[in-house]
Amino acid sequence: MNILIVAPEQIPVPGNGSVEICILAIAKQLSRKHKVTVISRASRGLPVQSTEGNVNIVRVRSDNSKVYIASVLRFIQGKAYDIIQVDNRPHYMAAIQNTFPKIKVTLFLHSLTFVPPTSHITKSLRYAKLIIANSSSLKQRLINRFPDQERKIRTVELGVDTARFHPATDAERSRYRQKYGLGDRYTVLFVGRVIPRKGVPVLLKAASLARKEVPLQLVIAGQGSKYYMKQLRTMASKLNVPVKWSGKQKHSDIHKVYQIADCFVCPSQKHEAFGLVNVEAMASALPVIASKIGGIPEIVKHGSNGFLVDEYRQAERFAQYLIRLGKNHELRRSMGAKGRSSVIQNFTWRQTADRLSSLYYE
């Protein structure tokens with residue numbers, strides 16, 4: 001098939017945005033069997049056209065949303081695609097399908113952010129030949145919001161590069177720990193945007209409680225506003241929790257951060273459509289402690305590859321699992337191994353692309 005993937009207008013491809021990371025990873029896997037072009041925003045320092053593996057990337061003007069979609073429509077004019085996949089932008093999908101009615105246009109949704117239950121979005125979704133959700137949880141929420149679209153909605157889970165995200169060797173662990181100035185102490189990791197909905201305050205309180213029974217340190221790999229980061233640093237100091245604030249990491253380096261940790265915590269306080277960080281942690285053979293919310297229980301299996309927290313607003317619930325893992329090295333090892341195994345079986349980018357391919361062949 002000849003496939004065009006239309007990226008959102010805010011971040012270029014390649015880029016550090018989660019959607020853009022997914023787009024490129026999926027495109028590379030699809031390009032094993034299909035001709036794949038990704039259209040993205042122009043950005044200083046990136047050429048108008050380039051290739052990543054077998055994927056052709058074209059970058060067009062994106063002064064604003066209207067300029068970007070106009071640029072995309074001009075690019076498509078006169079070209080023949082079997083499928084045009086639009087990621088996370090229902091109004092772009094509708095505009096493309098309306099302009100090119102003979103081409104099959106699909107919508108790949110990564111969250112609920114751009115699909116509020118408004119009449120405008122409802123009208124846009126009617127144009128989609130197929131709507132793809134990245135988890136069963138997201139699919140169900142979409143059906144609840146747009147019941148008339150149920151027959152079009154399918155699930156394709158995201159994946160991870162299991163060659164890059166792998167269990168740390170002793171040498172890797174030692175080298176990266178030294179780089180971050182960490183000793184041998186039990187290390188708990190958080191990776192993600194540092195914003196209120198991600199639950200870092202709950203993690204800080206949980207670490208404070210757990211430290212009464214197991215010596216631990218936190219690594220927070222992510223960035224938030226200056227004001228919010230200052231609040232969290234003050235909170236950590238008051239709770240006497242040792243934290244290494246490593247800041248936002250390039251995604252090309254993020255696998256190294258997982259290799260310094262003993263366990264991973266995802267204390268999300270609001271719906272997570274999928275929760276890719278949990279899959280990255282599991283691929284790195286880390287046991288996961290995560291909020292039982294959204295699509296996370298589709299990945300983390302309680303008592304097998306990690307622990308799910310029902311009462312995820314309560315720090316005590318996270319603390320009990322931090323203590324349990326902190327005291328039991330063999331439990332950490334076995335849960336990590338099961339996590340790695342479940343990722344290889346279910347959550348690789350090749351599997352994501354193959355599922356998508358099957359839907360598109362249909």
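1. Helix α1 covers residues 18-30, 13 residues in total, and reaches 18 Å from its first C-alpha to its last. That is close to the 18 Å expected at 1.5 Å a residue. The model is a predicted one, and the points below should be read as describing that model.

2. Ten of the 13 residues of α1 are buried, so the helix is largely enclosed by the rest of the structure. The buried residues are Val 19, Glu 20, Ile 21, Cys 22, Ile 23, Leu 24, Ala 25, Ile 26, Ala 27 and Leu 30. Two of these names, Ile 23 and Ala 27, come back in the next point as residues that Val 38 touches.

3. Val 38 lies in strand β2, residues 35-41. Is Val 38 buried or exposed? Its relative accessible area is 0%, under the 20% cut-off, so Val 38 counts as buried. Leaving aside residues up to four places away in sequence, Val 38 touches Ile 5, Val 13, Ile 23, Ala 27, Val 55, Asn 56, Ile 57 and Val 58. Val 38 and Val 6 are 32 residues apart in sequence, yet their C-alpha atoms are 6.0 Å apart in space.

4. Next, a pair of helices. Two packed helices are described by the angle between their axes and the distance between the axes. For α2 (residues 65-76) and α3 (residues 90-99), the axes come within 11 Å and cross at roughly 35°. The crossing of α2 and α3 is right-handed.

5. Which residues form the contact between α2 and α3? From α2 come Ser 65, Tyr 68, Ile 69, Val 72, Leu 73 and Ile 76, and they meet His 91, Tyr 92, Ala 95, Ile 96 and Thr 99 of α3. By class, this contact has eight nonpolar residues, three polar ones and no charged ones.

6. The buried residues of α3 are Pro 90, Tyr 92, Met 93, Ala 94, Ile 96 and Gln 97. Their cover includes α2, strands β1 (2-6), β5 (83-87) and β6 (104-109), and helix α4 (119-125). Tyr 92 and Ile 96 are buried, and both also take part in the contact with α2.

7. Gln 217 is found in strand β10, residues 216-221. Gln 217 has a relative accessible area of 9% and is therefore buried. A polar atom of the Gln 217 side chain lies 3.3 Å from the backbone oxygen of Arg 185. Apart from residues up to four places away in sequence, Gln 217 touches Arg 177, Leu 182, Gly 183, Arg 185, Tyr 186, Thr 187, Val 188 and Pro 242.

Key
Residues numbered from 1 in each chain as written. Predicted model: local features only at pLDDT ≥ 70, side-chain atom pairs only at ≥ 80, totals over all residues. Heavy atoms only, no water. Axes fitted to C-alpha atoms, helices over the stretch in contact; angles between N-to-C directions. Helix = DSSP H or I, 4+ residues; strand = E, 2+ residues; numbered from the N terminus. Left-handed = near helix turned anticlockwise from the far one by under 90°. Contact = heavy atoms within 4.5 Å. Nonpolar A, V, L, I, M, F, W, Y, C, P; charged D, E, K, R; others polar. Buried < 20%, exposed > 50% of the residue type's maximum accessible area, 1.4 Å probe, protein only. Polar contact = N/O pair within 3.5 Å; in protein donor to acceptor, adjacent residues only side chain to side chain. Expected span 1.5 Å × (residues − 1).
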